[in-house]
Amino acid sequence: MLNIVCFSHTLDNVGSHLMIPTLQEFGHLWVRLFHSNRAKLAWKDLTGQKSKSYSETRWWSKWEVYKQLLEQFGDVPRFLQEAAADKIAPNIVPQLQDLLSDPESLVNLKLEIAVIIDFGEHFVKATYFLEGDGPLVFSCYEKLQAVAEACQAPYFPNVRAVVAAIVNEDPNQRAAALEQRAKACVKPAIHWFLRKFNVNLKDAITAFKAARVMHVLRDRWLVEANTS
């Protein structure tokens, strides 16, 4: 009776509203680099980890690639240096090195990676949960509401850690300004999702909320019936 959209698809679309120009440039080159089997082997030899791959058909696939970048960012300069020496992807590696060697691009890259990992985690978990099996109608509202609450009161632990490291390396940088620059990257995505949640998809969300309430009341009734 209602036109119900694919909420996993809607959550995944949030990623297209992020303002991360430096990371998009770096990430595009990084994904292309690992089309090379030699690059994959070199990364695994250096880090002991298999490189994350991008798939157009997998939800939040690039987020997974960026998460690995955040976790192993300290290995990237050495990896690129060794890749250049071994003439791996000679058209790509120098472009990545240029981005890392530019101080402003490097700061932007670190901030953008950190903020989308913090911001995206809530969406990634909800996306995969709602793609699963079972009576999702009863838990859909709860998951979407949790994401909406995270958008309204966002928490950025990785951003704070990265900002602290940047300021420690360069005391001329201001922590508050860096944090604001990072948070600005996700503001358009937050506004887009909240508009979808509170306005565009309000009827469908209300229906799922009602299903959740009825499910809770039913469970309470069954408990009371079994204990009486």
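First, the ground rules. This is a predicted model, where local features need pLDDT of at least 70, side-chain atom pairs count only at pLDDT 80 or more, and totals for chains, interfaces and linings use all residues. Residues are numbered from 1 along each chain as its sequence is written, and side-chain values use heavy atoms, with hydrogens and water left out.

Rings of Phe, Tyr and Trp (for Trp, the six-membered ring) pair if their centres lie within 6.5 Å; planes under 30 degrees apart are stacked, over 60 edge-to-face, and the rest tilted. That rule gives nine aromatic pairs. Take Trp30 and Trp43: their planes are at 85° and their ring centres 5.5 Å apart, so this pair is edge-to-face. Trp30 belongs to helix α2 (residues 21-33) and Trp43 to helix α3 (residues 37-47), so the pair ties together parts 13 residues apart in sequence. Helices here are DSSP runs of H or I, at least four residues, numbered from the N terminus.

Buried means under 20% relative accessible area, with a 1.4 Å probe and protein chains only. Trp30 is buried at 3%, and Trp43 is buried at 0%.

Next, Phe119 and Phe123 make a tilted pair, with 45° between the planes and 4.9 Å centre to centre. They are four residues apart in helix α7 (residues 103-130), so about one helical turn separates them. Phe119 is buried at 5%, and Phe123 is buried at 1%.

Ring pairs also join Phe26, Trp30, Phe34, Trp43 and Phe79 in a cluster.

Technical notes. Helix = DSSP H or I, 4+ residues; strand = E, 2+ residues; numbered from the N terminus. Buried < 20%, exposed > 50% of the residue type's maximum accessible area, 1.4 Å probe, protein only.
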